[in-house]
Amino acid sequence: MRTIEPPQIEASAEADFTATEVSEFINRESERRQSNKVLHGHPSPMYWKPLPEPVETLLEKRADYARDNDFAVNLYVGTPFCLKTKPARCGFCLFPSEDYRGNSGVESYLALLEQEFEMYKPYYGQDKLSSIYFGGGTPNLYRPEHYGRLMGFVDKLYGGVPDDIEISLEGIPQLFNEDKIRAIKEAGFNRVSMGVQQLNDNLIKYSGRKQTRQQVYNALENCHKYDLASSIDLIYGWPEQTMDDMLEDLRIAVDAGVHHLTHYELNVAGRSDFASKAKRDLLPTIQTNKEMYRRAKDYLQSQGFEQVTVYDWKRTPASEANQRADRYDYEHNMHDFVDHDHGDIKRTQQVCGIGFAAVNFHVNGVDPQTDSWIYMNHTSLARYTEKMEQKQFPVDRGFHYNPHDVKLAWLFQSMQTMKIDFVDYRQIFNENLLDSYSSIWMEIDKRGWIKTTDRELQFVDDGQYYIPMLQSLVASKRLEQIRSERKQTLQNIEVVTEVG
Ligand SMILES: C[S@@+](CC[C@H](N)C(=O)[O-])C[C@H]1O[C@@H](n2cnc3c(N)ncnc32)[C@H](O)[C@@H]1O
Ligand code: SF4
């Protein structure tokens, strides 16, 4: 058998960055807390702006090219509500949400959501669904009778809900009681994703949640009793968390039989309580977080879990009853959103987002030259309601991708999986990845953070822990350009206003 030698990582005249730029960036940023991108890919919503044309025009263009291409659609449905906590937003959360104020608010929201589903009928009705995800907020705040109704909205829009795709619902442990789990199962869901964060009853208190370890056990038991694939989110780097606390949480989760685990590093940002000086002083150091990443990895591997992204772990082999737990489709479809076969691009995975704060990702990987967009619905319930009452799409802002952005979005997603298939990259984008970013690969190779095979760059050792930083590095030149374009536009507006 012929063996193919891995290519050498070497300097290229086509490199986007100089060696000094790369080493200065890494020296500076590796000393800072990593900021994992649990929310969005390239570019951050910070750079999005009001759409320049009515969303109906974008939707019509998309419907036109979607008719001629095989598009796979991942449906996301947003929920605004969360139980009120003190500190607000569980102390750490960076997702948009609104305090739950009783069932009447929920009923009003569901009526608007139904209306939004209907508005999309001319544009999305022909699509084929690949996966469905109800996220939030806290979608298990709904009452048992609501789940069938929600699935009815999907059924009406798409003319049926396929029974062979992954259909997930997110929520918090204390609200997954047996009545709800039964209703969730009967409505057609087959996977539950639970935000646990901490299993230690003392540490979870920092979030203001009234959540106990026993409630997590009960919720998992209910999921497994009704044959729902279970996934839980844990966070490491939490205030006052020790290495032993972290390992104990992982052990409990593994022993409780979870099918999938998300192990996020705490992202300390914005105006969250955990970003306050008092809480920052309680956080494990960056060195400890790095060590936590390593120890968690060793432990989960020793328990037969396979790492799928920097944060995601799946149990192997998947149990017979829960083959679906092994698929984890909604998230993974986005990690390689251009499906292709030896360079022959077959289809693009898109996201259709409906509801509060939902994101639509309409990137055309089949032809990156055509219009590609990402945009987001309003993240304030008042604004969302106002728009819906005016019978307008409740879109807040978005970003128009140029072909370079499509590449960066793909690279960003690929890096989440800790590897980049450079053969795929060349086939999809017609460009040599090893040349374009050669100074980055050389620097991280020197640090022992990367390995090459005959078709992949694999991030290893601290290279995995630093993926958020490396994603920012790869996109940094383009972000500089976006920032300067934005400044220029603002200056032009000022000039026009002065002249006017
Ligand atoms: C949409 S959120 C939460 C869904 C659900 N309401 C819950 O609390 O479980 C999904 C996940 O993002 C993660 N997350 C949110 N903010 C985070 C932060 N600042 N750092 C790390 N992970 C975060 C949490 O693990 C959370 O479970
Ligand atoms: S962590 Fe979950 S429950 Fe808490 S504020 Fe965020 S979305 Fe809501």
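In which loop does glycine 137 lie? In this predicted model, glycine 137 is placed in the loop between strand S4 (128–136) and H5, where helices (H or I, at least four residues) and strands (E, at least two) are DSSP runs numbered from the N terminus. Residues are numbered from 1 along each chain as its sequence is written, chains are lettered from A and ligands numbered from 1 in the order in which they are written, and side-chain values use heavy atoms, with hydrogens and water left out. As the model is predicted, local features need pLDDT of at least 70 and side-chain atom pairs count only at pLDDT 80 or more, while totals for chains, interfaces and linings use all residues.

Glycine 137 is joined to glycine 136 by a cis peptide bond with omega of about 20 degrees. Most peptide bonds are trans, and most residues other than glycine have a negative phi.

A polar side-chain atom of glutamine 197 is 2.8 Å from an oxygen atom of ligand 1, and a backbone N or O atom of glycine 195 is 3.0 Å from an oxygen atom of the ligand. The protein buries 95% of the 560 Å² that ligand 1 exposes when taken alone, by the Shrake-Rupley method with a 1.4 Å probe, where for residues only the protein chains shown count as cover.

Glutamine 197 is part of strand S6 and has a positive phi near 70 degrees. Glutamine 197 counts as buried because its relative accessibility is 8% (buried means under 20% relative accessible area, exposed over 50%, partly exposed in between; 1.4 Å probe, protein chains only). Methionine 418 also has a positive phi, of about 70 degrees, although it is not a glycine. Methionine 418 is located in the loop between helix H13 (403–416) and strand S16 (419–421) and is buried, at 10% relative accessibility.

The shell around ligand 2 consists of Cys82, Arg89, Cys90, Phe92, Cys93, Gly137, Thr138 and Arg209. These residues divide into 4 nonpolar, 2 polar and 2 charged.

Helix H16 (residues 438–446) contains isoleucine 444, which is buried with a relative accessible area of 0%. Glutamate 443 is found in helix H16 and is buried at 8% relative accessibility. The side chain of glutamate 443 makes a polar contact of 2.8 Å with the side chain of arginine 447 (a polar contact is a pair of N or O atoms within 3.5 Å; within protein, one must be able to donate a hydrogen and the other to accept it, and residues adjacent in sequence count only if both atoms are side-chain atoms).

Technical notes
Near = heavy atom within 4 Å. Nonpolar A, V, L, I, M, F, W, Y, C, P; charged D, E, K, R; others polar.
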